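Welcome, and thank you for taking a look at this protein with me. Please have the sequence and the 3D view open as you read.

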Amino acid sequence: MKLLIATHNQHKLKEFREILAPLGYEILGADDVGLSDCEETGQTFHENSFQKAKYAVLQTGLPTLADDSGLCIHALNNEPGIFSARFAQQNGGYPAVFNVIWQKLEPFSDWSAHFNCCLCLLNPENTEKPVYFEGQVYGHITKDKDDSMDKFGYDPIFVPDGYDCPFGGLSNDVKNQLSHRARALEKLVAYLKLDKQ
């Protein structure tokens with residue numbers, strides 16, 4: 001059974017393939033079907049993931065999984081949140097954006113934060129009946145620089161609770177067990193297994 005992952009991000013696609021392929025799904029990415037980007041106008045992770053999923057389903061006719069995720073910094077009113085990727089682009093990309101975040105956090109003693117991931121599963125048979133799977137991982141922002149500064153996204157400055165190094169310094173196996181996306185995917189896998197019974 002084909003399942004479209006509505007993303008051009010090869011890093012995300014690899015993660016989805018590793019987890020979902022063993023269930024018997026043929027995983028396709030946006031590049032595989034010539035899917036263009038969807039404009040995100042939602043105000044929540046749920047709204048954005050639904051917009052992306054519905055756009056992809058209407059364009060391709062395939063069952064689609066779309067995700068919206070971001071870094072929520074508590075002292076900054078959970079910003080950048082749904083604007084995490086755009087915020088990075090507007091501030092010089094990675095790692096330049098880290099300096100912007102550290103500067104914004106200087107007046108605060110609370111540097112706690114969490115990553116949030118919302119997955120939306122949508123079938124062509126009913127495009128108004130999305131199923132959502134959400135995952136979070138809590139931790140704090142760090143200013144300690146290490147060898148992981150060139151790793152994916154905000155991973156180099158986020159230390160998950162219970163660990164003493166940032167996501168960027170953890171092995172992929174460890175990160176894939178505790179990340180926000182892994183936790184959302186765990187709920188999705190349980191749902192798909194039930195759905196197949």
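Helices (H or I, at least four residues) and strands (E, at least two) are DSSP runs, numbered from the N terminus. This is a predicted model, in which local features need pLDDT of at least 70 and side-chain atom pairs count only at pLDDT 80 or more, while totals for chains, interfaces and linings use all residues. Residues are numbered from 1 along each chain as its sequence is written, and side-chain values use heavy atoms, with hydrogens and water left out.

## A loop between β6 and β7

Let us begin with T142, which sits in the loop between β6 and β7 (158–160). T142 has a relative accessible area of 9%, so it counts as buried (buried means under 20% relative accessible area, exposed over 50%, partly exposed in between, with a 1.4 Å probe and protein chains only). The side chain of T142 comes to 3.1 Å from the backbone nitrogen of D144. That is a polar contact: a pair of N or O atoms within 3.5 Å, where within protein one must be able to donate a hydrogen and the other to accept it, and residues adjacent in sequence count only if both atoms are side-chain atoms.

Not counting residues up to four places away in sequence, T142 touches W102, P156, I157, F158 and V159 (contact means heavy atoms within 4.5 Å). P156 is also in the loop between β6 and β7, and is buried with a relative accessible area of 0%. P156 and Y94 are 62 residues apart along the chain, and their C-alpha atoms are separated by 9.6 Å.

## The nonpolar cores

A nonpolar core is a set of buried Ala, Val, Leu, Ile, Met, Phe, Trp, Tyr and Cys residues joined through side-chain atoms within 4.5 Å. The largest one here has 21 residues, and those with the most contacts inside it are L71, I73, I101, I141 and Y154. At least two residues of this core come from each of β3 (64–73), α3 (84–90), α4 (96–105), β5 (112–123) and β6 (126–141). The element that gives the most to this core is α4, with 5 residues. Another core, of 18 residues, lies apart from it and includes F16, L23, L121 and L188.

Which residues of α4 are buried? They are V97, F98, I101, W102 and L105. These residues are on the same side of α4, because they cover an arc of only 140° around the axis (the arc is that of the directions from the helix axis to the C-beta atoms). An α-helix has 3.6 residues a turn, so residues three or four places apart point the same way. The buried residues of α4 pack against β3, α3 and β6. As for I101, its contacts are I73, F87, I141, Y154 and I157, leaving out residues up to four places away in sequence.

In helix α1 (residues 10–20), the residues K12, L13, E15, F16 and L20 are buried. They cover an arc of only 160° around the axis, which puts them on the same side of α1. At the start of α1, a side-chain oxygen of N9 reaches to within 2.9 Å of the backbone nitrogen of H11. K12 is buried at a relative accessible area of 12%, and beyond its neighbours within four places in sequence it is in contact with T7, D67, S69 and R181.

The largest pocket has a volume of about 910 Å³. On a 1 Å grid over the protein atoms alone, a pocket is an open set of points where a 1.4 Å probe fits, with protein on both sides within 12 Å along at least five of seven lines; lining residues have an atom within 4 Å of a point. Grid points are joined across faces, edges and corners, and a volume is the space filled by probe spheres set on the points. There are 35 lining residues, and the closest to the centre of the pocket are N9, K12, E40, K52 and A85. α2 (45–60), β3, α3 and α6 (180–196) each supply at least two residues of the lining.

## Backbone details

One runs from E79 to P80, with omega near 0°, and P80 lies in strand β4 (residues 79–80). Another joins Y94 and P95, with omega about 5°; P95 is in the loop between α3 and α4.

N77 is not a glycine, although it has a positive phi of about 55°. N77 belongs to the loop between β3 and β4 and is exposed, at 68% relative accessibility.
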